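Please look over the chain below before reading on. This short report takes it step by step.

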Amino acid sequence: MDTWTYKPIAGVDIKPEWSAMNTRLEFVSGLEQVQENSSNPKKIWTITYGGNSDTMSAMHTFWENHKDGTVFNWTPPKPFDTQGVYRFATDKWSPSAKYGCGDTGTSFGIQGFTVELQLRQVS
């Protein structure tokens with residue numbers, strides 16, 4: 001099984017979301033019935049990755065090979081750093097490019113890329 005090894009951008013918020021997979025029914029009388037659909041809560045991570053064109057190209061190739069729901073190993077950031085099996089939560093790839101001058105002030109053009117991805121734990 002492949003492993004997603006890319007690190008998120010430092011200083012950018014990482015948004016983990018845990019949600020119970022329950023079905024809720026509320027009756028006119030005000031009573032409520034809750035049925036648990038799964039013993040494991042749904043965990044989705046929204047993370048921004050970035051890098052140069054080579055890194056972005058490698059990430060895109062990985063995404064292309066797994067966008068159909070193919071699972072892969074991934075280790076979330078600390079303190080949630082237990083490796084699990086994940087898949088991409090959406091089939092959307094929408095990178096942004098940073099345009100401007102490089103650190104030396106001599107090169108003008110695309111300086112780097114970012115992409116926000118959602119990874120969903122499946123086991």
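What share of the residues of the chain count as buried? Of the 123 residues, 24% do. Keep in mind that this is a predicted model.

## Overall layout

The chain has 8 strands and 1 helix. Read from the N terminus, the order of elements is β-β-β-β-α-β-β-β-β.

Now consider contacts between residues at least 6 apart in sequence. Of these, 62% join residues at least 24 apart. The accessible surface of the chain comes to about 8,300 Å². Carbon and sulfur atoms account for 48% of that surface.

## The helix

Helix α1 covers residues 53-66.

Which residues of α1 are buried? They are Met56, Met59, Phe62, Trp63 and His66. Seen down the axis of α1, the buried residues fall within an arc of 125°, so they line one face of the helix. An α-helix has 3.6 residues a turn, so residues three or four places apart point the same way.

Ala58 is also found in α1. Is Ala58 buried or partly exposed? Its relative accessibility is 31%, so Ala58 counts as partly exposed. Ala58 and Tyr6 are 52 residues apart in sequence. In space, their C-alpha atoms are 9.7 Å apart.

## A buried residue in a strand

Strand β4 spans residues 42-51, and Thr48 lies in it. The relative accessibility of Thr48 is 16%. Buried means under 20%, so Thr48 counts as buried.

Which residues does Thr48 touch, leaving out those up to four places away in sequence? Pro8, Ile9 and Val12 are among them. Thr114, Val115 and Glu116 are on the list too.

Leu25, Phe27 and Leu31 make a nonpolar surface patch. The area of this patch is about 310 Å².

Leu25 is found in strand β2, which runs over residues 22-26. How accessible is Leu25? Its relative accessible area is 44%.

Terms used: Residues numbered from 1 in each chain as written. Predicted model: local features only at pLDDT ≥ 70, side-chain atom pairs only at ≥ 80, totals over all residues. Heavy atoms only, no water. Patch = residues over 30% accessible without salt bridge, like charges linked within 9 Å, V, L, I, M, F, W, Y side chains within 5 Å. Areas by Shrake-Rupley, 256 points an atom, 1.4 Å probe, with all protein chains shown as cover. Salt bridge = Lys/Arg side-chain N within 4 Å of Asp/Glu carboxyl O. Helix = DSSP H or I, 4+ residues; strand = E, 2+ residues; numbered from the N terminus. Buried < 20%, exposed > 50% of the residue type's maximum accessible area, 1.4 Å probe, protein only. Contact = heavy atoms within 4.5 Å. Arc of directions from axis to C-beta.
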